[in-house]
Amino acid sequence: MADAETNLPGTSAVEIKNDPRVPAELNNNVFITTLDKIYNWGRKRSMWPMLFGLACCAIEMICTAAARYDLARFGWELMRPSPRQADLMIVSGTVTKKMVPQIVRLYNQMPQPRYVIAMGACATGGGPFKEGYNVVSGIDKFLPVDVYIPGCPPRPEALMHGFVKLQEKIEKQSLRTVSWYQPGGDDVVPVPMLGPDMVDLRRSAEIAEKTRA
Amino acid sequence: MSLLGSGILKGLGVTLKHFIQTYAEDFKYIGKKAGIEPRPLRRQNPGNHGMVTIEYPKEHMVMPENFRYIPFLVKDTVTNEDKCTSCGICAKVCPPQCIWILRTEDPMTKRPVPAPKEFHIDTSVCMNCGFCAEFCPFDAIKMDHNYEITSMSNRKTELIFDKDRLMMPDTYHAGIHPADWARELEDKKAEEAKKKAAAEAKAVADAKKAAAAAAGTPAGPATKTAPATKTAPTPKPPAAAAPAEPAQ
Amino acid sequence: MAEATTPVPPAAKTAARAEKAEKKLVITLATMTPEMMSLQEHFGADLIQPAPNEGVLIADSARLADVALFLHDELHLESIANATATDYVKEGYIELVYHAQHITGGLPLCFKTRVPRGDADTVGLPSLTPLYPGVEFQEREIYDLYGVRFNGHPDLRRILLWEGFNGYPMRKDWHEAYYEQDTKPYDSRWPGGTHRLAEERVPWADNVNYPPNFNPDEYKGIPDAGLYDTMRAEAPTGGPTDTPFLATGIQTDELIVNMGPQHPSTHGVLRMVVKLDGETITDLKLVLGYLHRNHEKIAERNTWLHNIPFTDRLDYITGMPNEMGYVQGVEKLMKIKPTERADYLRVIMCELTRVASHFWSIGFLLNDLGAFYTPALYFITEREFVMDLFDEITGSRMMNNYMRFGGVARDVTPAQFERIRYLVTDRFPKAIDEMERLLSDNEIVRARTIGVGYLSADRCVAYSVTGPVLRASGVPYDLRRSDPYSLYDRFDFDVPVLYGGDVYDRYRVRVLEMRQSLRILEQALAQIEQTKVGDIQAGKKAYVHRVPAGEVYSRVETPKGELGFYMVSDGGQNAYRYHVRSASFINLTALKEMTVGMKVADAVVILGSLDIVLGEVDR
């Protein structure tokens with residue numbers, strides 16, 4: 001966090017007093033908004049997505065990274081296979097019950113700030129395979145999704161539209177309010193368990209209660 | 001056995017050629033490509049080397065007419081009525097069953113009225129197959145070209161499209177599906193001509209019947225008029241008439 | 001259609017539908033072929049009977065292995081193309097269906113046997129893996145989804161689901177959490193279709209079901225149970241002194257490494273468990289099912305028409321041949337034929353897909369070799385032109401949904417034909433030449449691929465391997481030739497065969513196949529001129545299809561190999577049984593034999609050379 005006492009050269013006192021966005025107790029801390037801008041500007045143009053394909057949508061994701069759509073224009077082309085080096089998870093395809101523990105584990109391994117794009121109908125809400133017995137109806141049952149892109153599969157342009165939307169979202173974030181600088185902001189999702197069926201461990205008490213004959 | 005490494009050099013030659021060609025192509029299109037204004041981009045001619053990048057948020061590729069994304073409903077701008085008659089065919093042919101239609105009922109007679117009361121499409125289930133548009137007998141549902149539908153907050157409210165969200169004027173449909181629209185207009189014209197012919201035939205038949213009744217000769221003209229009266233209702237199938245003249 | 005009917009309660013409606021279907025079920029016995037006759041002669045008419053619809057029925061399932069031995073040794077049916085099961089819940093048995101075939105071509109021989117539903121998972125029946133190792137994964141799949149025990153199977157565990165999953169989901173009386181009705185269209189959608197999420201009508205508000213008295217905190221099951229058992233059996237127990245010495249005398253620990261399901265080189269969500277001695281693979285096991293999205297269960301609820309777009313999502317790189325296999329099968333059942341122009345269009349689309357798919361697979365094979373993204377980038381560029389065409393003609397880049405029963409959805413305009421012609425005669429030949437210049441002589445590519453992942457011809461046949469992998473091992477087997485379908489008997493083309501049986505030859509076979517596809521395309525583009533423009537649909541286009549009762553095994557040669565659809569119709573609006581015999585899935589059976597003894601870095605290359613697509617592996 002920026003120190004309240006250090007002033008960037010060139011910031012005038014008039015600005016400090018007149019900026020209505022600054023709360024009273026941080027009145028002389030105006031450059032924090034400027035820092036937000038720089039911080040977000042850098043962040044939004046150098047997302048490192050995780051090289052992580054699930055199903056059909058992954059093919060369109062690869063096409064997005066290829067010559068015609070060229071993800072590098074966004075500065076997002078550096079796909080990292082390791083979750084520890086990635087800050088964006090593109091859930092590109094059908095999330096199955098067998099796969100969801102791994103997805104959640106990967107998410108937990110990603111450093112914050114981390115973002116999730118649900119690409120395609122399947123990741124958004126189950127998609128055409130929603131009724132299947134091994135299909136999770138939407139990754140948002142487990143992970144906080146930032147952008148949903150419906151379509152089966154979304155065109156590369158649609159995926160890029162999602163990127164633009166995510167950039168917009170990042171732009172609006174402020175250092176003061178983002179969760180990962182707050183105490184207890186590290187929200188680790190418990191990895192679901194595979195028992196007789198997929199078990200969301202956050203609901204285990206409820207399950208035990210309800211199934212008791 | 002060729003010289004060791006010649007294969008690699010040959011391969012590197014290919015990559016070098018690609019590298020140079022990208023710039024050669026740039027020189028070819030200098031001035032044309034440097035335009036800052038967004039330009040509608042047509043499909044690339046396969047005669048060009050390599051591939052031209054579509055700078056997406058700035059420029060959009062023109063979608064081919066057949067392109068399908070999420071369906072929408074067509075509203076007739078002339079009569080200001082929706083074309084949908086809630087016949088339910090789209091809901092039946094939908095493979096993932098993502099269309100929900102609530103049929104309107106006449107409050108008095110409890111008979112169905114050919115218009116949907118509610119129409120929902122769950123885009124988080126829709127598989128963009130286009131069957132609904134293909135099998136709709138009334139040209140009331142079409143596949144949209146707009147792929148820029150993302151939700152940032154709540155998919156349950158934003159990505160389940162209701163009737164208001166789905167309804168588009170037919171001018172929009174005509175804009176993105178010009179050939180389909182032309183076919184529709186032609187069909188409409190043919191239908192009207194048919195109806196007109198049928199009405200005329202009926203009028204003639206009625207006149208004849210009246211004349212026959214007046215003359216009081218039952219044998220000859222009666223057999224003659226029979227086919228005419230029979231043909232009269234056939235060009236007007238009960239369902240097909242509904243969209244042109246709404247029941248209200 | 002829009003006529004008023006008082007809403008019938010859904011239960012009554014389905015019951016009526018089921019009754020109707022039952023009335024229509026006419027059992028016609030299969031006609032006996034000479035092979036079936038000789039089988040009957042040898043074993044007697046008591047054991048071998050003509051089965052309903054197709055094939056022979058082995059009356060006593062315990063003698064299955066004897067019959068299979070006769071088929072293998074006397075009738076020389078070298079491989080089993082397809083093994084699956086059908087649950088006849090009313091009759092009370094599960095029918096096992098096998099399609100055995102000669103590798104020289106011709107129709108497959110179908111043989112069936114039955115096990116009572118009650119003791120399917122306790123008594124079971126003999127496994128055919130000793131004779132036909134190609135059924136290993138297929139038998140595991142049947143065990144997983146139908147609960148049929150195969151005695152003598154080397155590794156009978158669940159394959160697509162996990163150990164401990166409750167029930168056998170493909171059985172007809174097993175219902176998923178979001179179960180609504182037996183068949184589509186669901187009655188809740190129209191006319192009283194107020195939108196309700198599936199979550200809102202199930203007790204757990206999610207796609208889950210739990211057995212009674214289930215307490216997650218006390219649950220002891222392990223999803224991977226049994227996976228490491230056979231791998232660790234030989235693992236050292238008494239400390240480092242027990243470990244085997246390598247030839248070099250350097251002592252190494254044996255290591256079990258999991259690759260995937262999140263791994264950049266597993267082509268999706270495949271998981272390989274490899275046992276390593278140093279860097280050498282000594283054992284390999286596959287864990288599948290991370291993309292098991294219940295295609296078959298959903299397809300048995302779907303109407304016949306509904307399934308067409310779903311088949312696109314099987315092998316999502318090659319939508320067109322998938323559709324073709326399915327549509328052809330249903331056409332066979334309906335006894336209709338597509339128009340000539342439609343058939344030509346199908347061939348053109350399939351061959352374009354083959355070119356695009358091979359571009360893709362070679363690009364990603366090189367990715368696995370370490371040539372990260374440059375070759376893939378070049379070939380994806382070429383593929384984009386095919387995608388452009390599909391986008392314009394069919395409306396979608398990948399999920400084409402183009403074929404219909406008796407025809408295709410849209411005609412191709414002369415301008416589009418011109419572009420296809422340009423691609424076929426000009427651009428693609430050049431691109432393939434360039435690909436060869438880039439890769440074929442490259443010393444690194446050769447060093448990494450020649451002699452790697454060797455599989456001999458007879459092992460290929462035993463493992464039921466199909467597609468370019470089989471042809472690279474010297475077996476000239478291509479369904480377009482050996483069991484011609486559609487119009488493939490009209491074209492002059494070669495079946496490229498190479499004899500190396502390694503990764504390099506698989507790559508070369510793909511390149512040669514692309515050239516042959518271009519040859520077919522050229523001929524098809526010339527011949528289609530003679531057909532009538534716009535004549536793309538035989539009969540009237542309908543959305544309700546009553547398919548006569550019967551069963552069919554329809555197969556096509558996709559870029560990955562043999563894709564088969566085994567379908568049973570009970571005369572209703574939807575398939576009673578719908579099974580996909582996928583090339584990727586069965587080719588994976590042979591992966592262990594190819595990789596053991598290789599270095600771990602070669603494992604990804606060998607996997608890349610198989611060209612699997614997980615949508616088809618796990619379905």
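Predicted model: local features only at pLDDT ≥ 70, side-chain atom pairs only at ≥ 80, totals over all residues.
Seven salt bridges are counted between chain C and chain A, and one of the salt bridges links Asp391(C) with Arg155(A), where the closest N and O atoms are 2.7 Å apart. Across the interface of chain C and chain A there are also 31 residue pairs in polar contact, with both residues of each pair at pLDDT 80 or more.

Within chain C, strand 9, which spans residues 271–277, is mostly covered, with seven of its seven residues buried. Arg271(C), Val273(C), Lys275(C) and Asp277(C) point one way from this strand, while Met272(C), Val274(C) and Leu276(C) point the other way, and all are buried, so the charged residues named here are buried along with the nonpolar ones under the threshold of 20% relative accessible area.

Strands of a sheet pair through backbone hydrogen bonds, in either a parallel or an antiparallel sense. In chain C, strand 8 (residues 254–259) pairs with strand 9 in the antiparallel sense over six bridges, and Met259(C) has Met272(C) in strand 9 as its bridge partner. Strand 9 of chain C is also joined by seven bridges to strand 10 (residues 280–287) of chain C, and these two strands run antiparallel; here the bridge partner of Lys275(C) is Asp283(C) in strand 10. The hairpin of strand 9 and strand 10 of chain C has two residues between the strands, and Gly278(C) takes a positive phi near 70° in this hairpin.

Chain B contains an open sheet of three strands in the order 3-4-6, with antiparallel pairing. Because strand 3 (99–105) and strand 6 (160–161) of chain B stand at the edges and each has a single partner strand, one side of each is left without a neighbour in the sheet. Strand 3 of chain B is joined to strand 4 (residues 112–122) of chain B by seven bridges, and Ile101(B) stands opposite Phe119(B) in strand 4.

Chain B also has a contact with chain A, which takes 29 residues from chain B and 34 residues from chain A. These chains bury about 2600 Å² between them, 60% of it on carbon and sulfur atoms, and in chain B the residues Tyr56(B), Met152(B) and Arg155(B) lose the most area to chain A, together 25% of what that side buries. The count of salt bridges between chain B and chain A is zero, although seven residue pairs are in polar contact across their interface. The side of chain B that touches chain A divides into 17 nonpolar, eight polar and four charged residues.

Terms used:
Residues numbered from 1 in each chain as written. Chains lettered and ligands numbered in written order. Heavy atoms only, no water. Salt bridge = Lys/Arg side-chain N within 4 Å of Asp/Glu carboxyl O. Polar contact = N/O pair within 3.5 Å; in protein donor to acceptor, adjacent residues only side chain to side chain. Buried < 20%, exposed > 50% of the residue type's maximum accessible area, 1.4 Å probe, protein only. Helix = DSSP H or I, 4+ residues; strand = E, 2+ residues; numbered from the N terminus. Pairing = 2+ DSSP bridges. Contact = heavy atoms within 4.5 Å. Buried area = accessible area lost by both parts, 1.4 Å probe.
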